[in-house]
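Here is a structure to look at for the first time. The questions and answers that follow take its parts in turn.

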Amino acid sequence: MNTENPTTSAMRSRKRIIKRITTRSLNLIGHCVPSFIWKNLQDIYIYSPRKKALGIDSGFAPLFNSVLFEVRTRCNGTCPFCAASTQFEKRKDTIMPKALYIKVINELKNERYKGRIAYHVNNDPLLFPDLPEFVKYARTNLPSAWIQILTNGKLLTETIADRLMSAGINELTINLYSDDLGLQMSEVLDKIREKIIPQYYQEKQIQHGYGPGIGNTKIFRFNVFRQKLNVVKSSRAGTAPNKRIKSRYPRGFCEHPFTQFNITADGRVAKCCADFYFSDPMGNLKEQSVMEIWNEERFQNVRKVLLEGNRDSIETCRKCDYYGAKEFSRFGNLIRLCTQ
Ligand code: SF4
Ligand code: SF4
């Protein structure tokens with residue numbers, strides 16, 4: 001039974017119409033302007049400011065700010081844009097050995113790592129039974145790191161949330177994928193928000209939104225984001241099931257290989273989270289150290305090519321229309337919307 005208030009429903013449908021008209025107008029602008037102009041605009045208003053903000057415009061790559069552990073190569077989601085969804089999954093179900101994880105955390109400890117630690121690449125971390133134990137080891141050895149759990153929430157219970165909080169996470173973000181964006185927050189999420197988190201943090205310490213508080217482990221982020229399910233996103237290096245052909249608009253620089261360190265369950269490291277099958281590994285942590293791989297010629301070459309904006313010389317990047325920047329100025333965002 002639809003119990004939605006008629007005024008809310010009218011507002012929602014008005015918003016949908018406005019959004020549709022805006023999207024069509026931006027597409028039309030995108031279509032009418034030649035590609036080389038878009039490329040120049042992207043370089044000036046998106047990629048150059050982003051390189052500068054990351055401190056990599058001179059070609060120097062500082063240490064990554066995100067270490068992502070794909071602790072188990074499985075997800076229980078059904079997102080049509082993701083090759084990890086249950087209807088498209090082809091990977092072997094692999095679990096990260098504890099010894100490998102400990103080796104990596106110990107190496108990060110030697111580097112006094114303070115960035116983000118997360119347990120997803122293309123998987124749901126809650127499918128990994130030893131997650132609280134892994135979190136605890138990271139918390140003990142990397143006291144200043146920002147430990148994030150990003151999940152679709154399907155397996156989230158009060159008990160699991162409590163175990164993760166007690167192990168020392170800094171963030172619990174739930175992406176609720178549903179076409180019904182009016183969906184009410186489930187009872188479990190309400191209880192986590194009202195009963196579990198306040199056992200560990202005071203109201204003023206609990207924040208929302210992205211942006212890890214690196215170096216500020218006194219705050220906790222709790223997010224519930226409602227995400228549309230039946231949408232087309234980026235081609236994800238040619239692996240997105242519902243977008244095999246990339247956008248016809250140009251793409252240049254990509255920041256992922258400068259900021260991310262993605263590790264899958266068997267120890268392979270990818271330059272970005274879009275390389276779903278880790279088909280272009282930068283190395284393997286079973287044989288190499290974190291810093292060896294990060295500074296390896298292979299990783300450096302990828303960065304050099306992407307700094308020059310030349311995606312075509314890397315097979316995965318050639319098939320990828322991820323925009324390449326995580327933050328945009330207002331004008332940069334307008335350019336992005338015209339050239340999706
Ligand atoms: S987008 Fe996330 S929740 Fe959806 S199938 Fe992929 S990994 Fe799972
Ligand atoms: S452009 Fe290349 S490095 Fe960037 S997300 Fe795509 S495949 Fe990864």
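Q: In which sense do strand β5 (residues 206-207) and β6 run where bridges join them?
A: This is a predicted model, in which local features need pLDDT of at least 70, side-chain atom pairs count only at pLDDT 80 or more, and totals for chains, interfaces and linings use all residues. Residues are numbered from 1 along each chain as its sequence is written, while chains are lettered from A and ligands numbered from 1 in the order in which they are written. Strands here are DSSP runs of E with at least two residues, helices are runs of H or I with at least four, both numbered from the N terminus, and two strands pair if DSSP finds at least two bridges between them. Ile206 has Phe220 in β6 as its bridge partner, and the 2 bridges between β5 and β6 join strands that run parallel.

Q: Which strands are the edge strands of the open sheet?
A: The open sheet has 9 strands with mixed pairing, in the order β5-β6-β4-β3-β2-β1-β7-β8-β9. An edge strand pairs on one side only, and this holds for β5 and β9 (283-284).

Q: Which residue in β6 stands opposite Leu172?
A: Strand β4 (residues 171-177) pairs with strand β6 (residues 220-227) in the parallel sense, over 7 bridges. Within β6, the residue opposite Leu172 is Phe222.

Q: Why do the buried residues of α9 line one face of the helix?
A: A residue is buried if 20 or more other C-beta atoms, placed from the backbone, lie within 10 Å of its own, and in helix α9 (residues 297-307) the buried ones are Phe299, Val302, Leu306 and Leu307. They line one face because, taking directions from the helix axis to the C-beta atoms, they fall within an arc of 130°.

Q: Which helices do the buried residues of α9 pack against?
A: Two residues are in contact if their C-beta atoms, placed from the backbone, lie within 7 Å. By that rule, the buried residues of α9 pack against α7 (256-259), α8 (290-295) and α10 (315-318).

Q: How many residues of the shell around ligand 1 are charged?
A: A residue is near the ligand if its C-beta atom, placed from the backbone, lies within 6 Å of it, and the surrounding residues include Cys75, Asn122, Asp124 and Tyr177. Asp, Glu, Lys and Arg count as charged, Ala, Val, Leu, Ile, Met, Phe, Trp, Tyr, Cys and Pro as nonpolar, and the others, Gly among them, as polar. The shell divides into 5 nonpolar, 5 polar and, as charged, 1.

How values were computed: A residue is buried if 20 or more other C-beta atoms lie within 10 Å of its own, exposed if 12 or fewer, and partly exposed in between; C-beta atoms are placed from the backbone.
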